[in-house]
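Here is a short briefing for a first look. Keep the structure open while you read.

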Amino acid sequence: MASLQQSSLTLTTKFPSFCSFSSTPNTLKFLHPFPSSAISLTATTPKRISSFLPKAAASTAAFPQDIGDVLADVTIFTATGQSVKFEDLWDQNEGVAVVALLRHFGCPCCWELAKALKETKERFDSAGVKLIAVGIGAPNKARILAERLPFPLDCLYADPDRKAYDVLGLYYGIGRTFFNPASAKVLSRFNELREATKNYTIEATPDDRSGVLQQGGMFLFKGKQLLYAWKDEGTGDHAPMEDIFDICCKVPVA
């Protein structure tokens, strides 16, 4: 408990508006890393499709069989600003791809996950698996993360309208973002978070502040077939990387 409290104090010092603790034990409240006046956290916050979809962490059962076809037609942007469809990101017949949907580019947990992905990219490459990381915000926000973390530009994409997030039914809303108990697990990765955010800047936060209420997820495809699906329950509730590698190693790559 002492180490947990120490981590929370240090985290609060580095990101004073990023998190706070209530008087109730084991309750972590994640707050956006910009002034509270920037977004109205009221009941009038628009609800998106993903708010009503069931949990499907590490299971593909909740997804329609044609989810690969639906996602294929979604248009996002490269970090340099060119529009591109998902179907053009990997071989839609036999190619294997890990699609990591980060939160917004100004989220410290997004930087932590991006760093973890960058450090494991060589393993993905060796397994013949393409890494695709998508974040919320305009391409210029993606470039901020890519330059300061750093992160390879050719693997990073921007989805400012959160189209892919809605298609995949990822969680959205105040409760998931700020008050979900699953977010507490980020404290066990405090050192990783601190290392990843050495060059962090709030300027990477999307101009459309409603994007900070969107959660991410992790997906593994072979062609258009969905092999693995993880929907973050709350901020920082990332998919176990080893689970993804276990599946990757069992999938024959053409």
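What covers the buried residues of α4? The cover includes β3 (75-78), α3 and β7 (156-158). Keep in mind that this is a predicted model.

**Helix α4**
- Helix α4 spans residues 139-148.
- Its buried residues are P139, K141, A142, I144, L145 and A146.
- An α-helix has 3.6 residues a turn, so residues three or four places apart point the same way.
- Helix α3 is among the elements that cover the buried residues of α4.

**Helices α3 and α8**
- Helix α3 covers residues 108-126, and helix α8 covers residues 241-250.
- The two axes come within 12 Å and cross at roughly 25 degrees.
- Angles under 35 degrees count as roughly parallel, so α3 is roughly parallel to α8.
- The crossing of α3 past α8 is right-handed.
- On the α3 side, the contact involves L113, A116, L117, T120, R123 and F124.
- On the α8 side, M241, E242, I244, F245 and C248 take part.
- By class, this contact of α3 with α8 has eight nonpolar, one polar and two charged residues.

**Cysteines**
- How many disulfides does a search of the whole structure find? The search finds zero.
- C107 is in no disulfide. The nearest cysteine sulfur to that of C107 belongs to C109, 4.6 Å away.
- A disulfide needs a pair of cysteine sulfur atoms within 2.5 Å.
- C110 is in no disulfide either. For C110, the nearest cysteine sulfur is that of C107, 6.1 Å away.
- Is C107 buried or exposed? C107 counts as buried, because its relative accessibility is 1% and buried means under 20%.
- C110 is buried too, with a relative accessible area of 2%.

**Residue I136 in strand β6**
- I136 lies in strand β6, which runs over residues 129-136.
- I136 counts as buried at 1% relative accessibility.
- Which residues does I136 contact, leaving aside its neighbours within four places in sequence? They are L102, R103, H104, F105, D159, R162, Y165, P206, G211 and Q214.
- I136 and G106 are 30 residues apart along the chain. Their C-alpha atoms are separated by 8.8 Å.

Definitions and conventions. Residues are numbered from 1 along each chain as its sequence is written. This is a predicted model: local features need pLDDT of at least 70, side-chain atom pairs count only at pLDDT 80 or more; totals for chains, interfaces and linings use all residues. Side-chain values use heavy atoms; hydrogens and water are left out. Axes are lines fitted to C-alpha atoms, for helices over the stretch in contact, and angles run from 0 to 180 degrees between N-to-C directions. Helices (H or I, at least four residues) and strands (E, at least two) are DSSP runs, numbered from the N terminus. Angles under 35 degrees count as roughly parallel, over 145 as roughly antiparallel, 65 to 115 as roughly perpendicular and the rest as oblique. A crossing is left-handed if the near helix is turned anticlockwise from the far one by less than a right angle, and right-handed if clockwise. Contact means heavy atoms within 4.5 Å. Ala, Val, Leu, Ile, Met, Phe, Trp, Tyr, Cys and Pro count as nonpolar, Asp, Glu, Lys and Arg as charged, and the others, Gly among them, as polar. Buried means under 20% relative accessible area, exposed over 50%, partly exposed in between (1.4 Å probe, protein chains only).
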